[in-house]
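The following exercises are to be worked with the sequence and the model at hand. Each task is followed by a solution in steps.

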Amino acid sequence: SSTSSDIAWIGTIQSWLLIVGGLLSGPLFDLGYNKTMIIVGSILGVIGIMMLSLAHAYYAIFLSQGVCVGFGFGLLYVPAIALVSRSFTTRRAVALGVASSGAPVGGIIYTIMFNQLIPTVGFSWTVRLMAFLMLALFIAAAIMLLWPERHAVKVKATQRRSLIDLRAFKDLPFWSFAIGNFFLYLGYITPFYYIPTYAETKLGTSRSMASNVLMISQASSVIGRVVLTLFAHYYGSMVSWIICGVLSGVLCICWISADNLVRFILFAAFYGE
């Protein structure tokens, strides 16, 4: 009974909290709370999905998946990326690309699980089984991130910093990078939440086909994240970032011409990559 816009608010708020959570998790990581954030973020993510299985009203779905899961993922994102980055002195971009490719792989796995399980066990148990899988993956990730002794760095008193570093507001390159990233993320994630809806409502595809189009986009994203990091290793991360941002904007405009399924699949594949 909810509109497409109402539904999209859930996913976009979750993504917004994932990114804006860096305002909190970044300084906390510098203070040495990486272990705490990984544990708390994992617990919040699993609890949010578990509560989603019990939700029957829009506000409950919004709070469980949008807010609880989003905030938990916001605590996880910065430590996971920073710990990987700290562990590599060479080919760091490639390592980060491989690590970040887990996101679209997860998108494929969870979409397949949802489509296959919901006709047999129903919505509630489908979501709970996804939460159990998420819990297992979080435990495995936490062990691999936190177990090595080189990650157990004690923060000295001289290294401690406040949650807000006022010197950053006087740094012009910092502002340029932050504002540029703001506009990139303002448009980058949103289309993924509308791909299935567009396929169903505008192209008249089945729900299964709409999910398959999203999975195609996620599959191509795995390739793009790894291949482009190899490019970034030789030509620089900023060059790759700018090229991808421009191409993503052009593809969003090209979406207007995707008036049949074949064109839309091509758009989804190239946008994901």
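pLDDT is the predictor's confidence in each residue, on a scale from 0 to 100. The model is predicted, and the first exercise therefore concerns confidence.

**Exercise 1.** Determine in which helix confidence is lowest and in which it is highest.

*Solution.* Then turn to the helices. The lowest confidence belongs to helix α5 (residues 92-100), with a mean of 79. The highest belongs to helix α3 (residues 34-52), with a mean of 92.

**Exercise 2.** Identify the buried residues of helix α2 and the elements against which they pack.

*Solution.* In helix α2 (residues 22-30), the buried residues are S25, G26, P27, L28 and F29. These residues pack against α3 and α4 (58-86). Just after α2, G32 adopts a positive phi of about 95°.

**Exercise 3.** Is T126 buried or exposed, and which residues does it contact beyond its neighbours within four places in sequence?

*Solution.* Locate the residue first: T126 belongs to helix α6 (residues 102-146). Its relative accessible area is 0%; because buried means under 20%, T126 is buried. Beyond the neighbours within four places, T126 contacts M113, F114, L117, I118 and V121.

**Exercise 4.** Classify F174 by its accessibility and name the surface patch residues that accompany it.

*Solution.* F174 lies in helix α7 (residues 172-188). Its relative accessible area is 39%, which falls between the cut-offs of 20% and 50%, so F174 is partly exposed. F174 contributes to a nonpolar surface patch of about 1000 Å², together with L166, F169, L172, W175, I179, F182, F183 and L186. For the surface as a whole, the protein exposes about 16200 Å², of which carbon and sulfur atoms supply 72%. Buried residues, in turn, make up 34% of the 273 residues.

How values were computed. Residues are numbered from 1 along each chain as its sequence is written. This is a predicted model: local features need pLDDT of at least 70, side-chain atom pairs count only at pLDDT 80 or more; totals for chains, interfaces and linings use all residues. Side-chain values use heavy atoms; hydrogens and water are left out. Helices (H or I, at least four residues) and strands (E, at least two) are DSSP runs, numbered from the N terminus. Patches are made of residues with over 30% relative accessible area and no salt bridge: like charges are joined within 9 Å, nonpolar side chains (Val, Leu, Ile, Met, Phe, Trp, Tyr) within 5 Å. Accessible areas come from the Shrake-Rupley method with a 1.4 Å probe; for residues, only the protein chains shown count as cover. A salt bridge is a side-chain nitrogen of Lys or Arg within 4 Å of a carboxyl oxygen of Asp or Glu. Buried means under 20% relative accessible area, exposed over 50%, partly exposed in between (1.4 Å probe, protein chains only). Contact means heavy atoms within 4.5 Å.
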